[in-house]
Amino acid sequence: MGGRHRRDRASEEVRITRKTLLALPDPQPPAPPAPKLPEHPAYQQIMAVFAAADMPLRARQMCEAMDLSP
């Protein structure tokens, strides 16, 4: 009788463990750290030109918007 009781108890423990594991939420990957952005004034100027543009810019258009020779 002892063997059957141990098997029943082990079976119950496995059932509870399975139920617990299935109830756990899926782990989310950690969020990547925010990139360190340059503080150089030229970078800020470039980003301002991109923000003001209503379409994608090519390098030549970027230079013209910043009054630089391409």
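The structure, a predicted model, holds 4 salt bridges, each defined as a side-chain nitrogen of Lys or Arg within 4 Å of a carboxyl oxygen of Asp or Glu. In this model, local features need pLDDT of at least 70 and side-chain atom pairs count only at pLDDT 80 or more, while totals for chains, interfaces and linings use all residues. Residues are numbered from 1 along each chain as its sequence is written, and side-chain values use heavy atoms, with hydrogens and water left out.

Among these bridges, E12 and R15 meet at 2.6 Å, N to O. Another joins E13 to R9, with 3.3 Å between the closest N and O atoms. E13 and R9 are 4 residues apart in helix α1 (residues 2-23), about one helical turn. R9 is exposed at 54% relative accessibility, whereas E13 is partly exposed at 41% (buried means under 20% relative accessible area, exposed over 50%, partly exposed in between; 1.4 Å probe, protein chains only). Turning to helix α3 (residues 59-65), E64 and R60 lie 4 residues apart there and form a salt bridge of 3.6 Å, N to O.

As for the overall fold, the protein chain has 3 helices and 0 strands, helices being DSSP runs of H or I with at least four residues and strands runs of E with at least two. Buried residues make up 6% of the 70 residues.
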